[in-house]
Amino acid sequence: EVLVDESGPWVLPVAMKDPPSITLSLPVMKGKKTVIAACGVSDKYPQGKSAGMRRAIAADDETLQSFPAVGLRDCATWVLDKAAASKLGEEYN
């Protein structure tokens with residue numbers, strides 16, 4: 001079942017990942033209180049979610065179209081471990 005309202009679909013496929021995954025649409029994520037948590041590392045991702053967190057939080061060249069999590073910058077509380085925060089820069093330490 002696909003959940004859809006006037007803002008569009010609530011859940012979206014992320015086919016570029018291997019294995020494919022899903023993500024929530026921005027209207028769903030922009031609730032009254034949104035917390036983004038990123039932690040942990042793996043053999044495949046030894047720096048954890050650091051590249052994605054840099055794109056979502058700090059990258060000046062990202063837009064809603066290129067990286068939708070940019071839309072959460074002004075409303076989310078970001079909880080990151082050291083690995084996930086490692087590419088953010090000194091202003092975020």
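Q: Which handedness does the β-α-β unit of β5, helix α2 and β6 have?
A: Right-handed, for β5, helix α2 (residues 50-57) and β6. That means that, with the strands pointing away from the viewer, the path from the first strand over the helix to the second runs clockwise. Helices (H or I, at least four residues) and strands (E, at least two) are DSSP runs, numbered from the N terminus.

Q: What kind of model is it, and what are the ground rules?
A: This is a predicted model: local features need pLDDT of at least 70, side-chain atom pairs count only at pLDDT 80 or more, and totals for chains, interfaces and linings use all residues. Residues are numbered from 1 along each chain as its sequence is written, and side-chain values use heavy atoms, with hydrogens and water left out.

Q: How do β5 and β6 run, parallel or antiparallel?
A: Parallel, with 5 bridges joining β5 to strand β6 (residues 76-80). Two strands pair if DSSP finds at least two bridges between them. V35 has T77 as its bridge partner in β6.

Q: Which face of β5 is covered?
A: The one with T34, I36 and A38. V35 and A37 make up the uncovered face of this strand, residues 34-38.

Q: Zoom in on T34. Buried or exposed?
A: T34 is buried, at 9% relative accessible area. Buried means under 20%, exposed over 50%, partly exposed in between (1.4 Å probe, protein chains only).

Q: What does T34 touch?
A: M29, L72, C75, A76 and T77, leaving out residues up to four places away in sequence. Contact here means heavy atoms within 4.5 Å.

Q: Back out. How many helices and strands are in the protein chain?
A: There are 3 helices and 6 strands. The order from the N terminus is β-β-β-β-α-β-α-β-α.

Q: What about β3 and β4?
A: They form a hairpin, with 6 residues between them. Strand β3 (residues 11-14) pairs with strand β4 (residues 21-24) in the antiparallel sense, over 4 bridges. P13 stands opposite I22 in β4.

Q: Which residues form the nonpolar surface patch?
A: L3, W10, V11, I22, L24 and V28, with about 500 Å² of accessible area together. Patch members have over 30% relative accessible area and no salt bridge; like charges are joined within 9 Å, nonpolar side chains (Val, Leu, Ile, Met, Phe, Trp, Tyr) within 5 Å. Areas come from the Shrake-Rupley method with a 1.4 Å probe; for residues, only the protein chains shown count as cover.

Q: Where does L3 sit?
A: In the segment before β1 (4-5). L3 is partly exposed, with a relative accessible area of 40%.

Q: How many salt bridges does the search of the whole structure find?
A: It finds 1. The side chains of R55 and E62 meet at 2.7 Å, N to O. The cut-off is a side-chain nitrogen of Lys or Arg within 4 Å of a carboxyl oxygen of Asp or Glu.

Q: Are those two partners buried or exposed?
A: R55 is partly exposed at 26% relative accessible area, while E62 is buried at 12%.

Q: And the overall numbers?
A: The C-alpha trace spans about 40 × 30 × 25 Å along its principal axes. Of the 93 residues, 26% count as buried. The accessible surface comes to about 6,900 Å², and 58% of that belongs to carbon and sulfur atoms.
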